[in-house]
Amino acid sequence: MKLQSQLNLAFSALLLVILTAAGFVTYSLILDMLIDDEKAELRQKGELLVQLINEEYGSLQNDQQLSAFLEDQDLQLFLYNRQQDSVLFYTMPRQFVEGFSREDYFENKEEQLWEIGNRKYVTSRILFYPESSGMELILLTPLNDLQKVQQDFFRRLLIVFIIGAIAAMMLSYFLTNKLVTPLSRLKHQLKKIEKRKFVDVEPIKATGEIREVAESVYDMATELQRYINTQQAFFQNASHELKTPLMTIQGYAEGIRDKVFDQADEEKGLEMMVTEVNRLKTIINEMILLAKLDSSQAAYQPEKIRTSDLIQQVMDRTLPTVNEKGVELTYDEDPESRLYVDQEKLLRALLNITVNAIRHAVSQVNISVEGKTVIIEDDGNGIADDLIPHIFHRFVKGKNGETGLGLAIARAIIEQSGGKISVEDSELGGAKFIIRFQ
């Protein structure tokens with residue numbers, strides 16, 4: 001069963017239960033209200049009659065005019081004497097007087113429903129003044145009359161309920177359709193993702209949580225497409241980077257095998273082959289490391305460390321490169337700076353960035369720390385504007401670059417450590433790498 005049908009069925013069932021309960025309670029309350037209103041109306045009529053009788057007729061004993069007056073009122077009533085326990089006058093058939101007497105309704109002073117046979121009556125009792133006279137006027141109304149009013153009112157209420165239920169179900173259909181339609185469209189977009197048609201995924205119009213899910217699906221498709229493009233570029237670049245040293249090794253190996261080189265060229269070829277093999281080894285190791293970092297296979301063991309200790313290790317390990325290149329490496333220290341990171345992995349990232357800066361520097365490289373921000377800059381030629389957006393991608397190399405994986409590895413480690421890395425032009429004239437940690 002479709003979601004829309006399930007929602008409409010659940011709403012209809014809930015509506016039916018609510019209306020049934022409301023109808024049952026309302027039906028009972030209507031009769032109680034009608035009885036209370038009828039008692040109040042009978043009491044009001046009775047008090048007017050008693051007042052009129054007291055004013056016009058005075059004595060109530062054997063008064064023919066009084067009897068004629070009460071007959072003219074077209075009311076069901078009894079004129080009852082408490083002291084004598086007798087009914088002096090009545091407008092109902094004699095058997096009713098006898099039946100009510102047998103049930104002691106006249107002696108019972110509480111107002112209640114009087115019942116005889118299968119008939120019930122609503123009553124109201126009004127005393128004559130003075131009360132010592134013991135005279136009482138009892139007015140009655142058949143309960144059947146009130147039940148007819150109750151049933152007529154309930155029928156009208158039922159019609160209102162039915163119309164309201166139909167309107168509510170139509171509104172439910174409209175709202176569920178509005179809710180389910182975006183889900184159906186979202187399902188269609190997910191089918192595109194299933195078939196890897198990420199470019200064809202389109203954003204859908206929705207509200208609330210569905211809109212958030214739709215945006216997440218669209219972002220996921222965009223990210224998947226970007227990932228596939230990156231992977232394709234990676235394999236293309238990797239094949240190119242691996243192909244070059246392999247072709248060099250193959251050329252020298254075939255030359256040595258075919259004895260086309262003299263002794264000097266053969267030794268040179270062997271040295272070149274060793275160099276290219278080492279280069280291949282470096283590229284493959286860095287590719288493996290990147291794959292581990294991207295797949296979160298590399299376990300991170302963060303700990304709280306002093307940033308100055310970490311930077312000192314960077315300076316110690318780059319000292320031979322600094323001396324060889326003939327540049328000056330300076331450090332602006334922040335003794336209070338602390339980082340919560342995996343020290344060994346972040347050291348690898350900072351080494352990659354620092355060695356890259358040393359390689360491109362003319363005479364100076366500076367490392368500065370401010371709180372949780374580390375800045376590494378040089379006075380080299382900087383990075384071309386068209387290369388800046390791609391500088392952290394794999395196999396993207398600037399001038400004098402080696403494998404093109406060092407900065408990609410650095411970015412992966414820094415992001416896994418909860419930081420962000422960016423690059424901009426330095427006031428020294430070269431590139432300025434900014435690493436910010438949370």
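**Charged surface patches in a predicted model**

At a relative accessibility of 65%, Lys 304 counts as exposed, a term that stands for over 50% relative accessible area, whereas buried means under 20% and partly exposed lies in between (1.4 Å probe, protein chains only). The structure is a predicted model, in which local features need pLDDT of at least 70 and side-chain atom pairs count only at pLDDT 80 or more, while totals for chains, interfaces and linings use all residues. Residues are numbered from 1 along each chain as its sequence is written, and side-chain values use heavy atoms, with hydrogens and water left out.

Lys 304 is located in strand 6 (residues 303-306), strands being DSSP runs (E) of at least two residues and helices runs (H or I) of at least four, numbered from the N terminus. Together with Arg 306, Arg 338 and Lys 372, Lys 304 forms a patch of positive charge on the surface.

A patch of negative charge is also found on the surface, where Asp 85, Glu 103, Asp 104, Glu 107 and Glu 115 gather. Within this group, Glu 103 belongs to the loop between helix 3 (94-102) and strand 3 (113-116), and with a relative accessible area of 49% Glu 103 is partly exposed.

As for the whole protein chain, nine helices and 12 strands are present, and 38% of the 438 residues count as buried. Where contacts (heavy atoms within 4.5 Å) are taken between residues at least 6 apart in sequence, 62% of them join residues at least 24 apart.

Key
Patch = residues over 30% accessible without salt bridge, like charges linked within 9 Å, V, L, I, M, F, W, Y side chains within 5 Å. Areas by Shrake-Rupley, 256 points an atom, 1.4 Å probe, with all protein chains shown as cover. Salt bridge = Lys/Arg side-chain N within 4 Å of Asp/Glu carboxyl O. Lys, Arg positive; Asp, Glu negative; His and termini not counted. Charge placed at Lys NZ, Arg CZ, Asp CG, Glu CD.
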